[in-house]
Amino acid sequence: MVSLRLQKRLAASVLKCGKGKVWLDPNEVNEISMANSRQNIRKLVKDGYVIRKPVNIHSRSRVHRKNLAKRKGRHMGTGKRKGSSEARMPTKVLWMRRQRVLRRLLDKYRESKKIDKHLYHTLYLKCKGNVFKNKRTLVEFIHKAKAEKAREKALSDQAEARRIKARAARERRAVRQEEKRGMTTEKETPKDEAPAAAAAPEGEKKEKKKKAAKKETKA
């Protein structure tokens, strides 16, 4: 039996694989044994006397099936667990994930003008204070806060409209009262003059009567 160690080593170098992956045609042993250079090996590879074995199939279907079952909670009982619950999934990691989700939502709402910067700051501090356990509760709180703000704004607008209306009514009433006062003063001035004019002749008559009475007494 001819030794083909040299040819196998050269073929592994040419094919860029290990010597175990090299297959030499057993029917062409004599021709292969004559090849003592990489160029000759390349010619044998081209002719098909030396080939690289295919990669062995290592199926992962069973692994995929097991992982799918684990996602459903199978094979995860107390007997399968190694390490404490804190070591398996730290509460700090859960906290960071939750905060990032909530803060991302707040950023998105602020950029889309769904909330203003004041409400953003309030909600940011509430998230930091562990008020919201997930994104759904935060969204519900935002809807309630916006509805409450809109209701307060509507009430304030109504109150302002009532104040403006009352002020206008007061102004109209004041104008009417001023007009009435002006009319009464105009009417009163002629009445005052007439009695004064009437009083003057009566005084003159009295004086004339007094003078006449004096003359009669002298006579």
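Analyst: **Helix packing and its surroundings**

H1 and H3 pack with their axes 9 Å apart and at an angle of about 75°, in what is a predicted model. An angle from 65 to 115 degrees counts as roughly perpendicular, and H1 and H3 are therefore roughly perpendicular to each other. On the H1 side the contact is made by Gln7, Leu10, Ala11, Ser13, Val14 and Leu15, while H3 contributes Arg38, Ile41, Arg42 and Val45.

Lys16 is a residue other than glycine, which is what the positive value is set against, and Lys16 lies in the loop between H1 and E1. With a relative accessibility of 69%, Lys16 counts as exposed, because the cut-off for exposed is over 50%. Cys17, by contrast, is buried, at a relative accessible area of 17%.

The second pairing to examine is that of H6 with helix H7 (residues 117-128), whose axes come within 10 Å and cross at roughly 170°. That crossing makes H6 roughly antiparallel to H7. From H6 the contact draws on Trp95, Gln99, Leu102, Arg103, Leu106, Asp107 and Arg110, and from H7 on Tyr120, Leu123, Tyr124, Cys127 and Lys128.

H6 itself (residues 91-111) has 21 residues and reaches 30 Å from its first C-alpha to its last, close to the 30 Å expected at 1.5 Å a residue. Its buried residues are Gln99, Leu102, Leu105, Leu106 and Tyr109. Because they cover an arc of only 130° around the axis, they lie on the same side of H6. Exposed residues, namely Lys92, Arg100, Arg104, Lys108 and Glu111, are found on the other side of H6. After H6 comes Lys113, whose phi is positive, near 65°.

Gln99 deserves a separate word. Located in helix H6, Gln99 has a relative accessibility of 4% and so counts as buried. Setting aside residues up to four places away in sequence, Gln99 touches Cys127 and Lys128, both of which belong to the H7 side of the contact. Cys127 is in turn buried, at 0% relative accessibility.

Beyond H7, the loop between H7 and helix H8 (135-218) holds Asn130. Asn130 has a phi near 70°, again a positive value in a residue other than glycine, and its relative accessibility of 46% makes it partly exposed.

When a pair of cysteine sulfur atoms must lie within 2.5 Å to qualify, the count comes to 0 disulfides.

Key:
Residues numbered from 1 in each chain as written. Predicted model: local features only at pLDDT ≥ 70, side-chain atom pairs only at ≥ 80, totals over all residues. Heavy atoms only, no water. Buried < 20%, exposed > 50% of the residue type's maximum accessible area, 1.4 Å probe, protein only. Helix = DSSP H or I, 4+ residues; strand = E, 2+ residues; numbered from the N terminus. Expected span 1.5 Å × (residues − 1). Arc of directions from axis to C-beta. Axes fitted to C-alpha atoms, helices over the stretch in contact; angles between N-to-C directions. Parallel < 35°, antiparallel > 145°, perpendicular 65-115°, else oblique. Contact = heavy atoms within 4.5 Å.
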